[in-house]
Amino acid sequence: MIVRTLLFISCLFSTCFAQYNKQIENLRVQSTRAASDSEKIMVLGKLADYFYIYKYDRQGDSVLNEQLRLAEELNSKNLLLATYFGDAITNIGTWTNTESFNRTIQFVQKGIDYANSANEPDFVVIGYSRLANIYRKKGETEKSFQTIIRALPVLPEVKSDSVKAIVYAELGETYQSKGEAVPAFTNFNTAYDIAVRIKNVALQTVLYHNFSNLYKYLGDFSAAKQQLLQSLSFNKTNKYSLGVVKDYIDLARLTDDTAYAKNALRIADSLQLHKYVLLAKLVMFTTYMTQKNNSDFCKQYLQQESDVKNFFSVSDSKYQWMLGQVFLYSNQPDSAIYHFDLAEEDFYKNFDLKTNWIFFQEKGDAYARKNDLSNAIVYYQKALVISREMNDAGSITGLTEKISDLYERKGDTDDALFYARESKKFNQLVQKQKNEKNIALLGVERERKRHEAVLEEEQEKFKQKRNLQLMAITIVITLVFALMLVVGMFSVSKVTIKMLGYFAFISLFEFIVLLIDTFLLSFTHGEPLKLWVIKIFLIATLVPCQHFLEHGLIKFLESRKLLEVRTKFSLHNMSLKKWWFRTKKPADEQVSDIEEGTAVL
């Protein structure tokens with residue numbers, strides 16, 4: 001069995017490295033043939049990104065340093081910022097050794113220092129956000145929190161709203177890692193509101209996934225899935241393909257449904273998104289490994305998918321661990337232990353606590369399935385030490401329960417009773433934490449409803465303000481046309497009439513376009529091509545109407561008919577006054593005569 005496995009590994013390495021080297025060579029050629037130094041720096045950034053995707057961190061660091069040296073020689077601030085804050089280092093994640101973490105932290109800190117010296121607050125806070133993210137991935141939650149807090153005093157100087165949203169999102173994730181759900185949700189909301197206001201689809205997608213992860217952390221998997229489905233619908237509506245790929249990948253992770261991963265793979269492959277092609281395949285491989293329990297099927301899958309093999313082949317220890325997992329889930333503990341033994345020394349020396357914690361548990365599981373109780377206890381206890389160091393009550397409960405059961409099977413009742421008591425004690429703490437999470441979930445729901453109420457109130461105020469402004473515009477346009485009719489009753493120059501007519505009809509038809517725009521943006525989802533075509537049609541329809549009506553009204557005003565009407569009305573009004581005066585005057589005179597006669601008497 002072991003000989004067959006070694007042959008399989010040698011075949012695997014020869015195939016995957018051939019394709020991997022081809023990609024590397026293509027990028028190297030592009031950098032050599034670059035037309036300018038700035039173009040070469042951009043190509044080197046892609047090369048570093050490729051190395052980090054496949055976890056070749058040393059090679060990625062080397063390319064970044066080459067990129068940085070070239071940017072420093074050119075003494076270009078923009079190129080230096082592009083190098084320090086490129087996307088390559090964001091690929092650092094799980095299965096990263098301690099040395100790589102530390103090198104990345106130093107590189108990001110250099111970027112922050114440079115951004116400070118160049119007086120670029122936007123890049124300073126991006127640097128703090130990335131540094132906090134790295135500490136969080138490394139499992140150093142308190143360092144992560146202290147780092148992201150340092151970004152907050154700089155925020156008032158930041159010009160980009162999207163950068164502010166990134167900082168609030170990272171602050172929310174840091175609060176979540178500390179177990180503080182409500183402040184995490186509040187910061188996610190703040191970031192989401194900014195993303196909506198600036199209409200940043202990519203940021204809104206990130207926040208949907210943050211909400212999903214928070215609900216998953218709180219144990220509400222239904223709400224977590226609903227957030228991802230909302231994100232999927234939102235991204236399909238906005239035709240944001242990268243967001244759709246991310247949605248399908250996280251849905252596959254959440255549900256263990258490979259159909260989602262296949263959809264992600266299909267779209268990512270069509271768009272040549274190499275990183276997400278790899279992620280989709282890794283999710284599928286992990287699901288096959290844990291669900292199918294078939295080592296032959298998993299090895300066949302690796303043989304077919306060279307990029308997945310390449311990812312695991314980054315180091316021998318990493319590859320041996322993966323093979324050990326395949327055999328473990330296939331219930332072949334002897335083969336699993338063989339490969340775990342080959343990986344153990346490197347993992348223990350070079351990887352972080354969390355990775356070692358997983359490794360020790362899996363090796364303990366392999367020994368337990370082999371019925372090697374003593375060795376199973378040894379590795380479970382190693383994992384237990386790390387669980388206590390991480391203060392993870394849930395894993396402590398599970399591990400002490402397993403150790404207690406193994407001691408009982410060995411007949412060691414004293415140790416079995418000791419670990420059973422430990423398990424019971426921490427189980428009570430776990431139940432307390434579950435209750436706290438339920439309370440936190442209620443707090444999150446209250447915060448969500450409060451936030452929705454605030455948004456509804458703001459939306460209502462906006463609608464009222466909008467309606468008032470539309471009413472004011474309607475009144476102004478009506479008054480302008482009324483003024484034209486009044487002016488037409490007087491003797492004014494034709495130029496004045498034409499200017500008033502032009503202004504009145506421009507105002508009227510622009511008002512009509514304004515009313516239509518709201519519907520158009522909703523109908524086209526802001527797509528420029530659709531808006532352009534529809535507006536051409538509208539203008540082609542409205543402009544002739546405007547010219548026809550404007551010409552007709554100005555012609556009517558220039559005809560002086562209103563002036564004639566006013567003149568006739570004035571003459572008629574004067575005749576009425578004369579008639580009234582003639583009718584009323586004799587009576588006045590008669591009264592006057594009587595009064596005079598009376599006075600004589």
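Helices here are DSSP runs of at least four residues, numbered from the N terminus. In this predicted model, one such run is helix H21 (residues 393-410), which holds both Asp-405 and Arg-409, 4 residues apart, or about one turn of the helix. The side chains of Asp-405 and Arg-409 meet in a salt bridge, with 4.0 Å from N to O. Asp-405 is partly exposed, at a relative accessible area of 38%, and Arg-409 also counts as partly exposed, at 43%.

Salt bridges that share partners also join Asp-341, Glu-344, Lys-363 and Lys-382 into one network. In the whole structure, a search finds 24 salt bridges. One of them is formed by the side chains of Arg-388 and Glu-422, at 3.0 Å from N to O. Arg-388 is partly exposed, with a relative accessible area of 37%, whereas Glu-422 counts as buried because its relative accessibility is 12%, and buried means under 20%.

Which residues touch the most other members of the largest nonpolar core? Among the 107 residues of that core, they are Phe-285, Phe-312 and Met-322. Helix H14 (residues 274-292) supplies the largest share of this core, namely 10 residues. If neighbours within four places in sequence are left aside, Met-322 is in contact with Phe-285, Met-289, Leu-302 and Phe-312. Apart from this core lies another, of 32 residues, which includes Phe-340 and Tyr-407.

Lys-225, which is found in helix H11 (residues 221-237), counts as partly exposed at 32% relative accessibility. Although Lys-225 and Leu-254 are 29 residues apart in sequence, their C-alpha atoms are 7.3 Å apart in space.

Finally, on the surface, Leu-529, Trp-532, Val-533 and Ile-536 form a nonpolar patch, with about 440 Å² of accessible area together. Leu-529 lies in helix H24 (residues 528-558) and counts as exposed, because its relative accessibility is 60%.

Methods. Residues numbered from 1 in each chain as written. Predicted model: local features only at pLDDT ≥ 70, side-chain atom pairs only at ≥ 80, totals over all residues. Heavy atoms only, no water. Patch = residues over 30% accessible without salt bridge, like charges linked within 9 Å, V, L, I, M, F, W, Y side chains within 5 Å. Areas by Shrake-Rupley, 256 points an atom, 1.4 Å probe, with all protein chains shown as cover. Helix = DSSP H or I, 4+ residues; strand = E, 2+ residues; numbered from the N terminus. Buried < 20%, exposed > 50% of the residue type's maximum accessible area, 1.4 Å probe, protein only. Core = buried A, V, L, I, M, F, W, Y, C linked by side-chain atoms within 4.5 Å. Contact = heavy atoms within 4.5 Å.
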